[in-house]
Each structure stands twice: as structure tokens, then as C-alpha cells.
Amino acid sequence: MAGPVVAAVFLALLATQTAHGQTVYSLTFNEASTVVSVDMQTRELRVTLAGRLVQQVQLSGNLEPTALYTETETGFTLTNTASDGTVLELAKDLDQAAYSQFSVKRNNVPRDVELVDCLNLLNTHWYGGPQQKRQYWPVQKLRFNRYSMLSKELDNSAVGDRYWLNALGSFLYVDETAPLFADQNYGQPGYLCLETRAILPYDTHGPDYDFRYTVGVAADARAVHLEAVRNILGKPSDHPAASMVSDPIWSTWARYKRDINDAVVQEFAAEIIANGFDGQYELDDDWEWCYGALTFNRTKFPNIRGTIAAIRARGFDRVTLWIHPFINKGCEPWYSDAHRRGYLVADWTGNTDTEWWNSATGQAAYIDFTKAEVREWFSARLRAILDESGIDSFKFDAGESSWTPPDPLLNGPLKRRPGQIVGDYIRTVAKFGDLVEVRSAQGTQDLPVFVRMIDKDSNWGWNNGLPTLITTLLQLNMVGYPLVLPDMVGGNGYDNQPPNKEMFIRWLQANVFMPSIQYSYVPWDFDAETVTIALAMTELHRAMTPTIMDRFALAVSDGLPVNPPLWWIAPTDTTAQQIYDQYLLGDDIIAAPVIVENARARDIYLPTGTWVDGNSGQRHTGPIWLRNYAVPLSMVPYFTRSATA
């Protein structure tokens with residue numbers, strides 16, 4: 001009887017019969033007034049805090065109303081006896097005065113069993129989920145149809161963490177081993193359905209799979225998110241160099257694409273310095289003999305050490321180099337050597353063929369970072385580049401699991417496929433110092449590297465355009481990646497559509513209070529006014545460096561977001577919960593850039609507090625709307641919280 005006694009003391013498990021004979025099993029948290037209940041007739045899981053509903057999940061239809069109930073030391077189990085024999089376990093993780101956490105577990109689910117737990121969005125605001133090309137904010141308006149929850153190329157979903165947070169003060173996090181698909185507002189409007197199926201792109205060879213998720217409850221969204229960081233997501237172990245914050249990064253990519261050589265990069269460097277700028281120089285795509293050689297093209301760069309030395313001599317104290325994890329067929333002898341050694345990701349038939357944006361279909365391979373010897377081999381090749389060229393560090397591109405061949409055979413547990421390779425790649429390259437940037441991530445919140453937004457398009461709309469610069473910043477911060485590197489000012493100019501003057505300026509202004517500025521398109525390609533504005537905005541950003549670095553330190557020590565949404569400082573403010581075109585730097589600076597074409601005024605919301613206009617010095621007491629606030633092209637609105645009323 002020891003088990004039930006312990007359970008009674010710590011959990012206050014309850015089984016009640018309703019007036020209609022329905023059985024409800026409950027788990028009560030003694031410290032925090034949280035109650036979790038499962039109605040066996042309706043298969044509904046409800047979570048309340050002091051009587052207030054904060055989560056509601058419709059459990060999968062395979063749960064039998066007569067499932068066998070068994071108490072455990074941390075909760076209870078419900079075992080199907082008439083059908084598939086699956087076991088659903090509810091287990092208390094933490095019972096604290098201001099925080100409750102429990103897990104819903106189904107381990108060793110037979111491969112042919114499909115589960116669907118549907119999360120009621122409860123007519124409230126939600127945050128987090130996967131990075132998206134159309135990155136709406138809040139995220140409850142997004143639509144997903146059997147959407148694999150992985151780091152993948154599709155929809156710019158390079159950051160695929162399975163974490164959702166609501167404005168009521170509760171989060172839900174799904175373990176990475178679940179073969180998870182999301183259906184949101186599809187079939188059931190107002191629901192996010194979490195589906196597990198042992199089908200591609202997940203493992204289809206093991207006998208079973210696990211489906212586990214964790215729910216946290218606290219007084220509000222800020223409080224519960226910080227608990228998620230402490231107990232589940234993790235926080236960065238360190239942060240990027242201050243120089244990447246204070247000084248702009250200049251990339252060759254958007255302006256030149258692949259048309260680079262020694263003369264081009266030298267001319268670009270000279271232009272930057274001549275126009276009054278400096279910073280970090282980044283040599284991007286098409287510097288290799290062939291993709292995967294990791295050896296400089298001697299036709300384009302006959303003396304790479306001399307090239308880098310000349311760039312430094314012009315005034316750049318840091319130079320970085322673009323790297324990818326692929327080897328193209330025909331890139332010899334490197335492709336054949338890696339293939340012979342077994343260093344390329346293969347499927348279960350031994351086929352290594354895949355593709356990426358710099359290859360034809362089936363004409364490339366993804367280096368297999370799940371093998372320790374491959375990680376060291378790749379790292380040694382990178383160290384050789386540093387020794388040869390004098391370059392400081394690297395920009396690491398791609399890495400999403402979708403670049404592997406379908407049904408990859410990786411060196412690790414079956415249940416971690418295919419997502420395992422993302423972490424193994426990112427953890428390998430994160431060791432190359434405090435200038436590293438990556439673009440893919442999943443379960444890597446602890447790494448001290450910049451996570452770069454995936455390429456933005458040069459448009460004003462929600463299709464990966466300027467508004468999504470802000471919403472992607474918020475999304476990444478609120479899934480636990482506070483060290484965010486915005487994409488290049490003005491976007492990437494794909495489809496021969498580079499930014500015009502107004503877009504370039506407004507994009508730069510939106511970027512000022514983010515951790516770093518990346519240029520590629522240049523202000524002097526427009527006119528002298530653009531150069532003047534760009535210099536002023538670059539200096540304003542530089543003035544923010546101490547604040548950004550202080551917040552980096554708090555991200556490392558306490559897991560705080562660097563650029564949180566406006567509701568972060570007013571978690572119960574229903575207006576702040578909806579704001580998508582403003583953001584915070586820390587807790588005391590509000591940025592409210594213009595992101596609408598031809599606009600010379602905008603409405604600005606200031607939550608509770610006394611706020612000083614960074615341009616005029618005028619003081620405002622929130623909560624307040626500043627309607628039709630004038631914003632000439634040369635100005636970015638921002639407000640600093642006053643310590644005194």
C-alpha cells in the first residue's frame with residue numbers, strides 16, 4: 001500500500017463518479033491550486049489554476065472509457081484492455097508554490113497505432129511553434145495540415161521546436177522523439193491537433209514509438225515561459241562577441257549572389273570604408289573549387305591569405321566565411337573520398353543521393369554528422385581553412401533534416417530520426433568561437449551562437465517580407481532562442497526584386513534594436529540621403545550595444561529573451577498580447593518601426609509605465625495609444641521606460 005499512500009500525500013489523486021455515471025480522474029497539485037482532470041466518457045483533459053481553465057486537450061479516440069486505472073507514485077495510468085493495449089500516464093513533475101508541471105506519456109506505442117490529441121486554442125493568444133515563412137503573431141491564426149514538426153526547408157521552418165505558450169499562463173511541449181504532425185485550424189477550427197504516426201519523414205523501422213508532452217502552469221505567460229526555460233528548453237551557455245553586436249556585418253550574398261572573386265570582394269570592401277562604415281566582412285557563396293571541396297577556388301582567389309589581409313588593412317577587424325554541410329556529385333576527389341569512407345548520409349538501401357539549392361535533383365549528399373569520426377573530419381577541414389586563409393570564423397548555412405535522403409539511416413536511436421542530424425551538425429560547428437552563426441535549430445537552445453533568421457524576401461507583405469522580420473524575431477525568442485541574428489537589411493532580392501530606397505530604410509530602422517545589423521545591399525546604391533540615414537541608424541544601434549550585451553548576459557544567467565513581445569512587461573494586457581509590429585529590447589525599450597509602404601505615421605501602443613520618447617523626449621504614461629504618430633522617413637520611433645513617474 002506504500003505507493004497509493006505516497007500518491008495521496010503528494011498528489012491528492014481523486015476518482016469521482018458524476019451524476020450520470022461518468023468517471024473523472026484528477027490530479028491535484030497541493031502547492032499551486034492546479035487541478036488536472038480526465039473525463040473518461042468525453043476523453044477530455046482539463047487543466048485549471050484556481051478554478052480558471054488554462055489548457056484543454058481532447059485525448060486521442062483510442063482511449064477506452066473503461067481503460068484500467070492504476071495509481072502510481074507520481075500520478076496514474078490508464079491502460080486500454082480491449083484494443084491496442086496502449087498505456088496513457090499522467091505524472092506530476094513539479095509542484096511548487098507558483099508553478100505546476102506534469103507530463104502526459106505514452107511509451108512504446110505500437111507502430112501501427114496512430115494517436116491524435118487535440119489542443120483547444122481556447123479563444124486566447126498563442127505564441128511559439130515552428131518558424132514560418134508567413135510568420136503571423138500571435139500564432140493561433142496559422143493553418144497546418146499534417147505538418148511534420150521538424151527543422152526543415154519547407155516554409156522556412158529551420159527552427160522546428162515543439163513548444164507552444166498561451167496568454168493564460170500555460171505551455172505545452174512535445175518531446176523530440178515523437179513522430180509528430182500538427183493540424184491547426186484544419187478540420188477542427190480553433191484546435192491544434194498533435195498527431196503521431198510512424199510514417200516518413202520519421203522512423204518507419206522500429207517496432208514502436210513514444211509520444212510524450214509536458215504541460216506547465218503559472219500565473220501568466222511570462223512566469224510560465226521562464227519556468228519552461230528553466231526546466232525544459234534550457235538557456236544559452238554563453239553569447240556571441242560584442243563586436244558582432246556593435247559593428248555591422250557586411251555579406252557579399254544579396255548584392256553579388258555567386259558572382260564573387262578577389263576583385264569583387266576587394267571593391268566591395270573599399271566601397272564600405274569609403275562611405276564611412278566598417279565592421280565584419282563576410283565572404284558568402286561560391287568561393288570553393290566546387291561545393292563540398294572546402295578548398296578555395298584558385299581562379300577566383302589566387303592568393304586568399306593576401307585577399308583577407310587586404311580586407312583587414314582597409315579597416316575590417318573580422319572576416320568570416322560561408323559554409324554548408326553538403327558535397328555535390330562531381331566535386332572530386334572530395335565526393336568519392338567521403339562516399340568511400342561512409343561519411344555521407346545514406347538511406348536504408350545505401351543510397352546517399354539528395355539535393356539542395358546549389359545542386360540538381362539527386363546530385364548532392366549531406367555529410368553525416370551523426371558519426372563522431374565525421375564530425376572530427378569536418379572540423380579538421382574547417383581548421384585547415386582558418387590556418388590557410390587567416391579568416392576568423394564561419395557562417396554556417398542549412399542543416400535542416402529535410403536535406404537528408406528520405407528515410408535516412410543515422411547513427412543513433414531510431415526514435416530520434418531524422419531530427420538527430422540537426423543537433424549533431426549545429427553542435428559540431430558551434431565550437432568555432434564567438435562569431436558563429438547558424439540558421440537551423442531544434443533542441444539547441446543551450447548553444448552560445450547566433451541563430452540567423454532564414455532568408456527574407458524583399459517585399460512589404462506577410463509572404464516572408466518586412467513584417468516577418470519582427471514576428472520572426474519574437475517567435476525565435478519565445479521558443480528559447482534569444483540570440484537572434486536578423487537577415488540582411490532589405491531582404492535578399494530574389495526573383496530580381498531588390499529593395500527600393502524606402503524599403504531599405506524602413507527595414508534598417510526595424511532592425512536597429514535587434515542584436516545585430518547585417519548589410520549586403522548598400523545605402524550608396526540609392527542616394528546620399530540614404531547613406532546619411534543608414535549611418536545614423538548604425539550609430540543608434542551601436543549606442544544600444546551595452547543594453548544588448550546586458551540582456552545577452554541575462555539570457556545566459558536567467559534565460560531571459562533579448563527581444564520579447566510587448567506583453568512580456570504586461571502579461572495580462574490583452575492589447576499588448578496582440579501587438580505584432582512593435583517589440584522590446586530588454587524590459588525597458590520599446591521599438592515601434594514603420595513597416596508599411598508609403599506610411600509617414602503609425603499608431604503606437606505603450607503599456608503600463610512611464611515612457612520617454614527617444615526622439616522628442618516627451619513623456620507618456622501607459623497604457624496609452626499614440627494615434628497617428630508622425631514618422632518621417634529619417635526616423636524610427638522608440639521609447640525608454642523612465643525609472644521615475
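Strand β32 is joined to strand β34 (residues 638-641) by three bridges, and the two strands run antiparallel. Within this pairing, valine 612 stands opposite threonine 640 in β34. The model described here is predicted.

**The five-stranded sheet**

- The open sheet is formed by five strands in the order β30-β31-β34-β32-β33, with antiparallel pairing.
- The edges are taken by β30 (583-585) and β33, each of which has a single partner strand, so one side of each lacks a neighbour in the sheet.
- On average, and with direction ignored, neighbouring strands of this sheet are turned by 20° against each other.
- Strands of a sheet pair through backbone hydrogen bonds, in either a parallel or an antiparallel manner.

**Strand pairs within the sheet**

- Strand β32 (residues 601-613) and strand β33 (residues 619-630) run antiparallel and are joined by nine bridges.
- Isoleucine 604 has leucine 626 in β33 as its bridge partner.
- The hairpin of β32 and β33 has five residues between the strands, and glycine 617 in this hairpin takes a positive phi near 85°.
- Tyrosine 583 is found opposite alanine 591 in β31.

**Annotated domains**

- An unreviewed UniProt entry carries the annotation "domain: Glycosyl hydrolase family 31 C-terminal" for residues 559-642.
- Residues 559-642 are 0% helix and 42% strand, and their end C-alpha atoms lie 24 Å apart.
- The feature "domain: Glycoside hydrolase family 31 TIM barrel" is placed by UniProt (unreviewed entry) at residues 261-403 and 464-548.
- Residues 261-403 are 35% helix and 17% strand, with 28 Å between the end C-alpha atoms.
- Residues 464-548 are 49% helix and 5% strand, with end C-alpha atoms 26 Å apart.

**Helix contacts**

- Two packed helices are described by the angle between their axes and the distance between those axes.
- Helix α5 (residues 262-274) packs with α6 at an angle of about 10°, and their axes are 9 Å apart. Helices α5 and α6 are therefore roughly parallel to each other.
- In this contact, Asp262, Val265, Gln266, Ala269, Ala270 and Ile273 of α5 meet Gly306, Thr307, Ala310, Ile311 and Arg314 of α6. By class, these residues divide into six nonpolar, three polar and two charged.
- The axis of helix α6 (residues 304-314) also comes within 8 Å of the axis of helix α8 (residues 372-389), and the two cross at roughly 65°. Helices α6 and α8 are therefore roughly perpendicular to each other.
- This second contact is made by Ile304, Arg305 and Ile308 of α6 together with Leu386, Asp387, Glu388 and Ser389 of α8. The contact of α6 with α8 has three nonpolar, one polar and three charged residues.

**Isoleucine 249**

- Isoleucine 249 is located in strand β18 (residues 249-251).
- Isoleucine 249 has a relative accessible area of 0% and is therefore buried.
- Neighbours within four places in sequence aside, isoleucine 249 is in contact with Met244, Gln280, Glu282, Leu485, Ser516, Ile517, Gln518 and Tyr519.
- A distance of 9.3 Å separates the C-alpha atoms of isoleucine 249 and valine 319, which are 70 residues apart along the chain.

Technical notes:
Residues numbered from 1 in each chain as written. Predicted model: local features only at pLDDT ≥ 70, side-chain atom pairs only at ≥ 80, totals over all residues. Heavy atoms only, no water. Axes fitted to C-alpha atoms, helices over the stretch in contact; angles between N-to-C directions. Helix = DSSP H or I, 4+ residues; strand = E, 2+ residues; numbered from the N terminus. Parallel < 35°, antiparallel > 145°, perpendicular 65-115°, else oblique. Contact = heavy atoms within 4.5 Å. Nonpolar A, V, L, I, M, F, W, Y, C, P; charged D, E, K, R; others polar. Buried < 20%, exposed > 50% of the residue type's maximum accessible area, 1.4 Å probe, protein only. UniProt positions renumbered as here; feature names shortened; annotations may be inferred. Pairing = 2+ DSSP bridges.
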